Each structure stands twice: as structure tokens, then as C-alpha cells.
Amino acid sequence: MINIGKMSKQGKEVILQEKENGCWECISHCKDKDGYVRIRYNHKHERLFRVLFQKKYEEIPKGKVLRHLCNNAWCCNCLLYTSDAADD
């Protein structure tokens with residue numbers, strides 16, 4: 001298990017479980033209707049994988065989107081890449 005800790009003062013701890021395939025699935029928070037984990041961060045609701053990517057690497061460039069290499073929406077491992085939104 002990977003304990004990321006709290007992302008905000010009021011939020012609960014984020015706990016990830018590493019799967020055999022390398023995915024890190026969040027087991028501390030529920031998925032939304034689209035299969036993504038959302039947390040409250042900087043006074044707004046954000047998808048957890050986006051917050052973790054930005055904390056580890058950088059801001060997501062304007063006009064780019066993050067993609068999961070594993071195609072698992074629940075995965076929060078930072079094995080993500082940016083691509084043009086038009087590639088969607």
C-alpha cells in the first residue's frame with residue numbers, strides 16, 4: 001500500500017494499492033460516474049491522477065490532455081503522458 005497522505009487540510013488520506021500490472025488504484029476514495037477518483041484540491045474537485053501528475057512533474061500544458069498508459073481510469077500511477085486534445 002502507498003499512503004500519499006492528505007491533499008488538503010480537510011481531506012482524508014489518499015491510500016493507493018499497487019496491482020500486479022503496475023497500476024496504483026485508490027482504495028481510500030470512491031470512483032465517480034466516469035470511473036475516476038476525485039478529491040478536493042485547491043478549493044475545487046479534481047481527478048486524483050491529474051493532481052498527482054502535476055505534483056510530481058509539472059502543470060499540464062495548455063491544449064494537452066493526460067492519458068493513462070494502462071487505459072485504467074482508476075489508476076493513479078504517474079505512468080501518464082500528454083497528448084493533443086485533438087487525438088482524443
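Two strands pair if DSSP finds at least two bridges between them. Helices (H or I, at least four residues) and strands (E, at least two) are DSSP runs, numbered from the N terminus. The model is predicted, so local features need pLDDT of at least 70 and side-chain atom pairs count only at pLDDT 80 or more, while totals for chains, interfaces and linings use all residues. Residues are numbered from 1 along each chain as its sequence is written, and side-chain values use heavy atoms, with hydrogens and water left out.

Q: What makes strand 2 and strand 3 a pair?
A: Strand 2 (residues 14–18) is joined to strand 3 by three bridges in the antiparallel sense, and the rule asks for at least two. Within strand 3, Glu 25 is the residue opposite Gln 17.

Q: Why are strand 1 and strand 3 called edge strands?
A: The open sheet has three strands in the order 1-2-3, with antiparallel pairing. Strand 1 (2–5) and strand 3 (24–26) each have a single partner strand, so one side of each is left without a neighbour in the sheet. From one strand to the next the twist averages 30°, where axes are lines fitted to C-alpha atoms (for helices over the stretch in contact) and angles run from 0 to 180 degrees between N-to-C directions.

Q: How do you know that strand 4 and strand 5 pair?
A: Four bridges link strand 4 and strand 5 in the antiparallel sense. Ile 39 has Glu 46 in strand 5 as its bridge partner. Ile 39 also belongs to the covered face of strand 4, together with Tyr 41, whereas Arg 38 and Arg 40 make up the uncovered face.

Q: What makes the phi of His 43 worth a remark?
A: Most residues other than glycine have a negative phi. His 43 is not a glycine, yet its phi is positive, about 65°. The residue sits in the loop between strand 4 (38–41) and strand 5 (44–47). In that hairpin, with two residues between the strands, Asn 42 also has a positive phi, near 50°.

Q: Why is His 43 called exposed?
A: Exposed means over 50% relative accessible area, buried under 20%, and partly exposed in between (1.4 Å probe, protein chains only). His 43 has 74%, so the term exposed applies. Asn 71, in the loop between strand 6 and strand 7 (80–84), is exposed as well because its value is 71%.

Q: Why is the pair of Phe 53 and Tyr 57 called tilted?
A: Rings of Phe, Tyr and Trp (its six-membered ring) pair if their centres lie within 6.5 Å; planes under 30 degrees apart count as stacked, over 60 as edge-to-face and the rest as tilted. Here the centres are 5.1 Å apart and the planes stand at 45°, so the pair is tilted. Phe 53 is buried at 6%, and Tyr 57 is partly exposed at 46%.

Q: How do you know that strand 6 supplies the largest share of the lining of the largest pocket?
A: Strand 6 contributes four residues, and the lining has ten. Helix 1 (48–56) and strand 6 (64–68) each give at least two. Among the residues nearest the pocket centre are Tyr 36, Phe 49 and His 68.

Note on methods: 1 Å grid on protein atoms, 1.4 Å probe; cavity = no way out; pocket = protein on both sides within 12 Å on 5 of 7 lines; lining within 4 Å.
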